[in-house]
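Thanks for coming. I have one model to go through this morning, so please look at the screen.

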Amino acid sequence: MNLDDIRAFVAVVDTGSVGKAALCLHLTQPAVSRRVQRLEQTLGVTLLDRDSKPARVTRAGEGAYRRCLTVLRAAEALARDSRSAVAAGLLRVGVTLALSEAVLAPAIEAVRRRCPAVSLRLVAERSVLLRRQVDAGQLDAAVVAERPDRPLDPTQATALGTERVLVVVPADSPLLGRITVGDLAGQPWVINPDGCGFRAQLDRALAERGAPVEVVAETWGGSLQLALIARGVGVGLIPARLFAGSPWRDRVRAVTVEGFAPALTAWLVTAGPLGPFDAAVATIADTVRDFLADGGDPASPSSSAAGDRKARAGATACGD
């Protein structure tokens with residue numbers, strides 16, 4: 001079985017056509033077609049339905065595609081491990097938008113300190129897209145978020161902690177300190193765009209009562225949302241860690257909503273064994289884990305102490 005044939009087939013599936021795959025691989029279209037045909041002969045199955053335009057992957061091809069990704073990742077890991085036992089080079093990691101504002105900077109700082117030879121490329125995106133990019137080999141690892149009642153497979157992902165949010169209203173809001181979900185109907189919301197797990201939980205809770213989420217301001221970033229809420233623009237879902245330390249704390253307040261306590265669990269997912277890069281990825285995971293465990297303050301004494309301990313423990317593994 002030829003790795004070049006496998007790469008050609010994966011490129012066709014990823015790009016959606018033989019022509020685009022040829023451009024990505026810097027080959028001619030006939031060369032890509034020959035490689036895919038050779039892989040089909042080796043496996044004894046038809047991978048692409050050529051009667052459709054463009055060619056579509058068959059059912060057998062779908063299963064083969066997933067296994068081909070595993071083979072390519074293993075080959076890349078072997079090449080990395082063979083070149084050096086010290087983490088060096090490009091490491092691509094994604095962070096869910098729900099945590100990016102708070103953890104991107106400290107994660108970059110921690111990796112630079114503990115693994116200086118690693119060139120870290122961090123991207124912030126929605127969790128569903130990050131998981132697809134890890135599966136496609138476009139990212140080496142990602143920190144994603146999922147509802148606590150929908151845990152990821154522990155053999156493929158590691159739980160890092162739970163993020164909880166509060167329903168926050170202006171200090172002079174007529175809403176009482178303890179309300180029902182029904183009381184939220186008709187409220188103007190300052191909230192994350194679609195794709196946010198917390199917003200999805202609010203959507204479901206209000207939809208069950210026949211009410212939509214009436215959005216007045218849609219933006220990522222809890223700090224900006226708190227500033228808008230404090231000015232009376234609307235109500236919002238704010239992480240408890242941001243609410244506690246907000247400079248707007250005297251102009252907003254949290255209300256308790258019976259039967260509604262939105263939360264998301266942060267998970268680390270990887271594209272497989274990363275060899276010497278495992279220590280750098282673990283550093284990012286530790287940053288997120290400490291952040292959530294300490295109530296979201298990466299500068300807190302307990303977080304700093306934990307980081308120092310992990311820095312000493314991971315120094316050799318990262319090649320410091």
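First, the ground rules. This is a predicted model, in which local features need pLDDT of at least 70 and side-chain atom pairs count only at pLDDT 80 or more, while totals for chains, interfaces and linings use all residues. Residues are numbered from 1 along each chain as its sequence is written, and side-chain values use heavy atoms, with hydrogens and water left out.

How many salt bridges does the structure hold? There are ten, where a salt bridge is a side-chain nitrogen of Lys or Arg within 4 Å of a carboxyl oxygen of Asp or Glu. I will show three of them.

One joins the side chains of Arg38 and Asp5, at 2.6 Å from N to O. This pair links distant parts of the chain: Arg38 sits in helix α3 (residues 29–43) and Asp5 in helix α1 (residues 3–15), 33 residues apart. When I say helix or strand, I mean a DSSP run, H or I of at least four residues for helices and E of at least two for strands, numbered from the N terminus. The cut-offs are under 20% relative accessible area for buried, over 50% for exposed, and partly exposed in between, with a 1.4 Å probe and protein chains only.

The next one is Asp140 with Arg92, at 3.0 Å from N to O. Asp140 lies in the loop between α6 (127–135) and β5 (141–146), and Arg92 in strand β3 (residues 89–96), so the pair ties together parts 48 residues apart in sequence. Asp140 counts as buried at 7% relative accessibility, and Arg92 is partly exposed at 22%.

Asp286 and Arg289 meet at 2.8 Å, N to O, and both lie in helix α10 (residues 278–293), three residues apart, about one turn of the helix. Here Asp286 is buried at 14% relative accessibility, and Arg289 is partly exposed at 29%.

Now the surface. Which residues make the nonpolar patch of about 280 Å²? They are Met1, Leu43 and Val45. Patches are made of residues with over 30% relative accessible area and no salt bridge; like charges are joined within 9 Å, and nonpolar side chains (Val, Leu, Ile, Met, Phe, Trp, Tyr) within 5 Å. Accessible areas come from the Shrake-Rupley method with a 1.4 Å probe, and for residues only the protein chains shown count as cover. Leu43 belongs to helix α3 and is partly exposed at 35% relative accessibility.

Another leucine, Leu23 in helix α2 (residues 18–25), is exposed, with a relative accessible area of 66%. Its C-alpha atom is separated by 9.8 Å from that of Ala11, twelve residues away along the chain.

Finally, strand β6. Two strands pair if DSSP finds at least two bridges between them. β6 (residues 157–170) pairs with β12 (residues 263–270) in the antiparallel sense over seven bridges, and Glu163 stands opposite Leu264 in β12. β6 is also antiparallel to β10 (residues 235–239), over four bridges, with Val165 opposite Pro239. Strand β11 (residues 252–257) pairs with β6 in the antiparallel sense over four bridges, and there Val167 has Val255 as its bridge partner.
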